[in-house]
Amino acid sequence: MSTTAQTPAQTSSKPVRRPGDRIFAGLSTASGILILTTLVGVAGFLLWQAWPAITADPSEVRGGQGLLYYIGPLVYGTLVAAVIALLIAFPLSIGIALFISHYAPRRLAQALGYIVDLLAAVPSVVFGLWGVSVIGPMMLGIQAWSVDNLAFLPFIGGPASPKSMLVTGTVLAIMILPIMTAVNREVFLQTPRLHEEASLALGATRWEMIQQAVIPFGRSGVISGAMLGLGRALGETMAVAIILSISARYTPIITSPANPGTIAADIALQFPEAPTGPPLATLVASGLVLFCVTLIVNMTARWIVSRRAEFSGAN
Amino acid sequence: MTTTQTRPARKPLPPRPLFDDDSSGIKSGRITRVQHVGIVVGSAVAAALLLTAFSVLGPFALFVTTALVYLLGVYGVARAVEGRRHATDRVVTGLVTTFFLIALAPLVSVVWTVVSRGLARFDVEFFTWSMRGVLGEGGGAYHAIMGTLIITGITTLLSVPIGIFAAIYLVEYGGRGRLARALTFFVDVMTGIPSIVAGLFAVALFTLFLGPGIRMGIIGSVALMVLMIPVVVRSTEEMLRLVPNELREASYALGVPKWLTISKVVLPTAAAGIATGVTLAIARVIGETAPLLVTVGTTTGLNINPFEGRMQTLPVFAYYSYATPGIPREAFIERMWASVLTLILIVMTLNIVARLISKFFAPKTGR
């Protein structure tokens, strides 16, 4: 498309270059380069600030026993919270996307999609405060029941708490639902109309049509949507900082008040009062780890998306 | 699939049934709409009875139980009347609808919680007082509102030109070059950078110039820029690509230079869409808490100078009112909900304004 826009300039033997043209082209290119530099800069500056913690004596680092000892449980906690969120949000997002793309009345579909998008507009601090005052107490009953009756499961144990990993994961699931739904909805809508109609014409019910035409077509998109959601859940800060009660290192139990922290929440909680030097650098080092993990997750997701279609979750 | 198509035609395969039972909707009976409504109402009543029997209360529990009873009931009835395939189809329809309604629940609950608890302190004093010298009750978030507006304003002023120019580069100059492809890819990747990491980056950047431990409004703006620019680039790029190429070519044919074509033809045509995108981007960053926590800090008094000293912002104010309340705790929690209500109102207003802009100022396509 944009190549045809340039043809007049290319075909004329000697294009006229006005100062305005040069300034405009320069400004746009500079903006593009600035954005790429920023991404490199984020990695560079974090590494620079984290360096004192990487080279320092293990006793000087936060926690007093070395960088891995401090960051290990945080990485574990981050993964547990994100995986819980993903397990809850994955089926929900597929169902919601299918509802909007294939079940809801055509005229309503766009408005319904917009309502789900509104969920993404709610600031994370609001989700955190809402989660701790509504979802936590609401889930206390079912968690207490689980502790009483399902304690043989390795990840359930008491005492049940409204500030448990399970509650945190549930709130995170709600927060990543909009981005996952948006991606899924988009790929489901891209299913070739003829595939769907061929399936229906052979007598398939709507669900059989979805199994035969929509799901196979959208599979890679659904996977990348899930990875985008995972990236968001890994980096989510305030909801975790407000809800999660942190007082343990590694534990498989997700219903008790003794949980490992997450990287992002730990930074938010500790950074404002952290003394400069190796302790502060430890926090930045954990931030660097978080940045690298989310970067890899996001890049994989985007790579899958860019291979299959002209779509991104940002639009 | 392709293998069956390329098989020689003289030896046809025995027809494999596409669906593993033979009940077609044409021959067997159907559940009518009225009967279906009956099943829904019946499930709700059964669920209510079940819950009272176990003395569990709450609208959400009722809803989930109703859905479960309905799914079982409709499967049973449809299996008997319509056959297995249609029963499965009805269960999936019910399940998908349930999922959607479950997704609405948090939105409704958030709005309800925030409005019902926030109204207690949503008064004139809240919008005209700061927290300087306020120990218990009273006081307000004037300083936080001003801080949020200033920091978000600076972020917008800096991010929008960079974002729009980057989008112009992608659509008008970059073509399919390597820089353009890298930029498209990494802008998408950047939309997923954790906000706390953006905050750490801004702190590190300013440590380079001003030394450690500095807290200023402008640092927060830089952190928010990292989060806002990718969103602006994506939405603007989307809008610029929608501008018909005929408009550009008509302009070139009249001898208009490229930069004038972009600024007088392309941008005005896409203006409504760009404004929508920018408004949504503002809505996204105005509620950011984590990056401001590490870059701007918190304070009790009004500070409108983003180049000196700590500033208060609405989300951070809400967070600290919850995390470190004073005595009486009630006063702090009430101020917290009032500030959350203010924040939600701002965000929702921005979202609605964005939709209205795209609805009323979209260019006439002539169709």
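Because the model is predicted, local features need pLDDT of at least 70 and side-chain atom pairs count only at pLDDT 80 or more, while totals for chains, interfaces and linings use all residues. Residues are numbered from 1 along each chain as its sequence is written, chains are lettered from A in the order in which they are written, and side-chain values use heavy atoms, with hydrogens and water left out.

Let's start where the chains meet. On chain B, 93 residues are in contact with 91 residues of chain A (contact means heavy atoms within 4.5 Å). Together the two chains bury about 8300 Å², 77% of it on carbon and sulfur atoms; buried area is the accessible area (1.4 Å probe) that two parts lose on being put together, summed over both. B:F100, B:F165 and B:L200 supply 8% of the area that chain B buries against chain A, more than any other three residues.

Across that interface there is one salt bridge, meaning a side-chain nitrogen of Lys or Arg within 4 Å of a carboxyl oxygen of Asp or Glu. Over all chains the count is twelve. Here are some of them:

| Salt bridge | Closest N to O distance |
|---|---|
| A:E208 and B:R85 | 2.7 Å |
| A:E197 and A:R193 | 3.7 Å |
| B:E238 and B:R234 | 3.2 Å |

B:R234 and B:E237 sit three residues apart in helix α9 (residues 217-242) of chain B; helices are DSSP runs (H or I, at least four residues), numbered from the N terminus. B:R234 is buried at 7% relative accessibility, and B:E237 is buried at 5%. B:E238, four residues from B:R234 in α9 of chain B, is partly exposed at 28%. Buried here means under 20% relative accessible area, exposed over 50%, and partly exposed in between (1.4 Å probe, protein chains only). Salt bridges that share partners join B:D188, B:R234, B:E237, B:E238 and B:R241 into one network.

Now for helix α13 (residues 314-323) of chain B: nine of its ten residues are buried, so the helix is largely enclosed by the rest of the structure. Among the buried ones are B:F317, B:Y319 and B:Y320.

Key. Helix = DSSP H or I, 4+ residues; strand = E, 2+ residues; numbered from the N terminus.
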